[in-house]
Amino acid sequence: MLAALLAAGVGAPAHAAEPLAVRWNPGAQDCDAARPAPLQVHRYEDGTFLLRQNPCASAEANFLYLLIGAERALLIDSGAIADPARMPLAATVMSLLPDDATGKLPLIVAHTHSHRDHREGDAQFAGLPDVEIVPSDADGVRRHFGFAAWPDGVARIDLGGRVIDVLPTPGHNDNHVVFFDRSTGLLFTGDALLPGRITVDDTSAFEASARRLAAFARDRAVSHVLGGHVEMNAAGELYPMGSTFHPDERRLALARADVLALPGAFAEFNGFYSRHANYAITHPLHNLAALVVLALLALALLAWGGVRLVRRRRARRVTRAT
Ligand SMILES: [Zn+2]
Ligand SMILES: [Zn+2]
């Protein structure tokens, strides 16, 4: 019975303890004075590393994930900074890779989606031996993972004794995917689900993805849900946009329950903004359009008030003259 459950990927996750008890460097208000290290590495367990770009290095403060199998390794997202002098990403990742008989273990660099803060670091890996960079554009993602009927289907990456599922989740971005590591039960959700602002680009695509993701998680032993950013403090207050300082930052991990609740949370979304305990959902384009409409209304009101004022003064002048 247990073997059958494990084979199906269902059952108690083996790594649900406290390997995420890590205090991430919060960045600083005065980054020039504080000069924190640009990249923080946390070993989750053997062969699984969580990397965080310091908020002072980039206000996006991306989380990147390195999963190492017996035959190859996978880096999920390459972060916001191309310049190795500012962000020693490739050097750090390569130093974490074990050597095999012929050199370093081959590395695949893949992305949750094509926003620049998740792929700028690709430049540092270009031309390195035994490194394959998966394209992050729509065609490249579909072709590389063999999605014939995007966004349906689940692809898999075999790292050698360690299989990663790849699930299409467009909505935040057309090419968004999440990764599920069957070994640790970690679900890497990029910007589709994170403790912060979940920005929606395509409402109906996001709604379908939320349902697809929840159905996926329902049948699997998801131990922790790790997104691409943390944008709120422990009290659930969002940091200002572009903040380089994350005091009392909320813990990184969301739970399987958050994935299961996502379709319901999205059902409450009014197309502009909705607030939930562990995240906010927002549609920047809709909000921008609403702001433009409000600004135009305010201008129209001002103009109307101005015209009325001029007319009244003229009328008064005419009355006085007669
Ligand atoms: Zn994004
Ligand atoms: Zn992002």
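**Note on the predicted model**

1. Start with Arg 317. Arg 317 counts as exposed because its relative accessibility is 54%, and exposed means over 50%. Keep in mind that this is a predicted model.

2. Where does Arg 317 lie? Arg 317 is part of helix H8, which covers residues 284-321.

3. Arg 317 belongs to a positive surface patch.

4. Now compare with the record. UniProt, in an unreviewed entry, places a "transmembrane region" at residues 288-310. In the model, that span is 100% helix and 0% strand. The C-alpha atoms at the ends of residues 288-310 are 33 Å apart.

5. Turn to His 111. Is His 111 buried or exposed? His 111 counts as buried, because its relative accessibility is 6% and buried means under 20%. His 111 sits in a loop. That loop runs between strand E7 (107-110) and helix H4 (122-125).

6. Check one pair of residues here. His 111 and Ser 136 are 25 residues apart along the chain. Their C-alpha atoms are separated by 6.4 Å.

7. Last, the whole chain. How many helices and strands does the protein chain have? The protein chain has eight helices and 16 strands. Its C-alpha trace spans about 105 × 50 × 40 Å along the principal axes. The protein chain has 322 residues, and buried residues make up 48% of them. His 111 counts as buried, whereas Arg 317 counts as exposed.

Terms used. Residues numbered from 1 in each chain as written. Chains lettered and ligands numbered in written order. Predicted model: local features only at pLDDT ≥ 70, side-chain atom pairs only at ≥ 80, totals over all residues. Heavy atoms only, no water. Patch = residues over 30% accessible without salt bridge, like charges linked within 9 Å, V, L, I, M, F, W, Y side chains within 5 Å. Areas by Shrake-Rupley, 256 points an atom, 1.4 Å probe, with all protein chains shown as cover. Salt bridge = Lys/Arg side-chain N within 4 Å of Asp/Glu carboxyl O. Lys, Arg positive; Asp, Glu negative; His and termini not counted. Charge placed at Lys NZ, Arg CZ, Asp CG, Glu CD. Helix = DSSP H or I, 4+ residues; strand = E, 2+ residues; numbered from the N terminus. Buried < 20%, exposed > 50% of the residue type's maximum accessible area, 1.4 Å probe, protein only. UniProt positions renumbered as here; feature names shortened; annotations may be inferred.
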